[in-house]
Amino acid sequence: MSDAPLLEVRDLSVTFTTPRGTVRAVDSLDFTVEAGRTLGIVGESGSGKSVTSLAVMGLHRGAEVAGSIALAGQELTGLPEKRLSKLRGRRMAMIFQDPLSSLHPYYTVGEQIAEHFRVHFRAGRAAARKRAVDMLGEVGIPEPARRAGEYPHQFSGGMRQRAMIAMALACEPELLIADEPTTALDVTVQAQILELIARLQQEHGLGVVMITHDLGVVARVAHEVLVMYGGRAVEQAPVDDLFADPAHPYTRGLLDSLPRLDDTDDAPLRAIPGSPPSLLVRAPGCAFAPRCRRAAVGTDTERALCATRRPELGPYAGPYAGPARTSACHHSGPAAVPEVSR
């Protein structure tokens, strides 16, 4: 039996050629996902989260994908499309942000789940129909036999997302990628969807990649966290350690921007100043330096370092240091990220 992680990504880069120039949307990214564990990938819009997930699934068209993506030891980068399509849905599956645009409006929900099952298992129509109904029941849709005959527009947002999960898991994949699965859902339905994914993970031993900008989701479901900024990893940590002691100034900024229960009614929200960097023209130094409080209060020498030399992921020296903790900051350590008075 192989000791390889369920998913191992090494030195992943994704580059697009545009009329304005070359965009490196993901740059030298490394991470692993173990069976039965959830990796949360977090960052602002444009940080490279969704591009990373599409690269793993082999869904980029017209992009140059370099590096290694291995599923249980099997290399996926450069795999012919015919072989990759057999793995997609069967061994790895993805839940997209908007279930309404992901489901075909002209076919019933049951037909779409059944077709997905038939493609991978060459099952008959009756067996595929039964599998679709069983999966709708497993994800908590009432009267699954009746609802299988309805169209996506007849489902609520939460029910459509459940149907997408049913389709993703119909072929019992080993890896599930969830790209903002609770976007546009109210908080009650969000909680139900997250509980559903966690239950199915426990029952089936799934490895899960949860892509989100919501740190509340990360705290609830993730075991490990990868923080991305400007297409690169800036911090990796076990989830409890990250919330207890964020290593990178960007992670601290994300946490500080969250409203807190002990805030007064008139307490202002603390947004990270500035905007994410352009991926067309990369600055020579730290991409986060123009928005970083630590760089702003540093000495002339420290500011020059941040402006001219790009930091690489390295060991974190703070109180929650460990082999699983890395940070891409020239000043990593407990003194590197000043606290903000609230």
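This is a predicted model: local features need pLDDT of at least 70, side-chain atom pairs count only at pLDDT 80 or more; totals for chains, interfaces and linings use all residues.

User: OK. How many helices and strands does the protein have?
Analyst: There are 13 helices and twelve strands. Helices (H or I, at least four residues) and strands (E, at least two) are DSSP runs, numbered from the N terminus.

User: And why does the protein count as compact as a globular protein of that length?
Analyst: Its radius of gyration is 21 Å, close to the 20 Å that the globule rule gives for 342 residues, so it is as compact as a globular protein of that length. The radius is taken over C-alpha atoms, and the rule is 2.2 Å times the number of residues to the power 0.38. The C-alpha trace spans about 70 × 50 × 45 Å along its principal axes.

User: How much of the protein is buried?
Analyst: Of the 342 residues, 49% count as buried. Buried means under 20% relative accessible area, exposed over 50%, and partly exposed in between (1.4 Å probe, protein chains only).

User: Switching to sheets. What is the strand order in the open sheet of four strands?
Analyst: The order is β2-β1-β4-β5, with antiparallel pairing. The edge strands are β2 (21-33) and β5, each of which pairs on one side only. Two strands pair if DSSP finds at least two bridges between them.

User: How many bridges between β1 and β4?
Analyst: Eight bridges join β1 (residues 7-18) to β4 (residues 63-71) in the antiparallel sense. Arg10 has Ser68 of β4 as its bridge partner, and Thr15 stands opposite Glu64 in β4.

User: And on the β5 side, what joins β4 to β5?
Analyst: Two bridges join β4 to β5 (residues 74-75), and these strands run antiparallel. Ala70 stands opposite Glu75 in β5. The β4 and β5 hairpin has two residues between the strands, and Ala72 there takes a positive phi near 50°.

User: New topic. Which residues have the most contacts inside the largest nonpolar core?
Analyst: They are Ile95, Ile113, Leu136, Ile165 and Leu176, in a core of 41 residues. α7 gives the most to this core, with eight residues. A nonpolar core is a set of buried Ala, Val, Leu, Ile, Met, Phe, Trp, Tyr and Cys residues joined through side-chain atoms within 4.5 Å.

User: What is Ile165 in contact with?
Analyst: Leaving aside neighbours within four places in sequence, Ile165 is in contact with Ile95, Val139, Ile193, Leu196, Ile197 and Leu200. Contact means heavy atoms within 4.5 Å.

User: Is His60 buried or exposed?
Analyst: At 15% relative accessibility, His60 counts as buried. His60 lies in the loop between α1 (49-57) and β4. The His60 side chain reaches the backbone oxygen of Val51 at 2.9 Å.

User: Last one: where is Asp98?
Analyst: Asp98 is in the loop between β6 (92-95) and α3 (99-102). Asp98 counts as partly exposed, at 39% relative accessibility.

How values were computed. Residues are numbered from 1 along each chain as its sequence is written. Side-chain values use heavy atoms; hydrogens and water are left out. A polar contact is a pair of N or O atoms within 3.5 Å; within protein, one must be able to donate a hydrogen and the other to accept it, and residues adjacent in sequence count only if both atoms are side-chain atoms.
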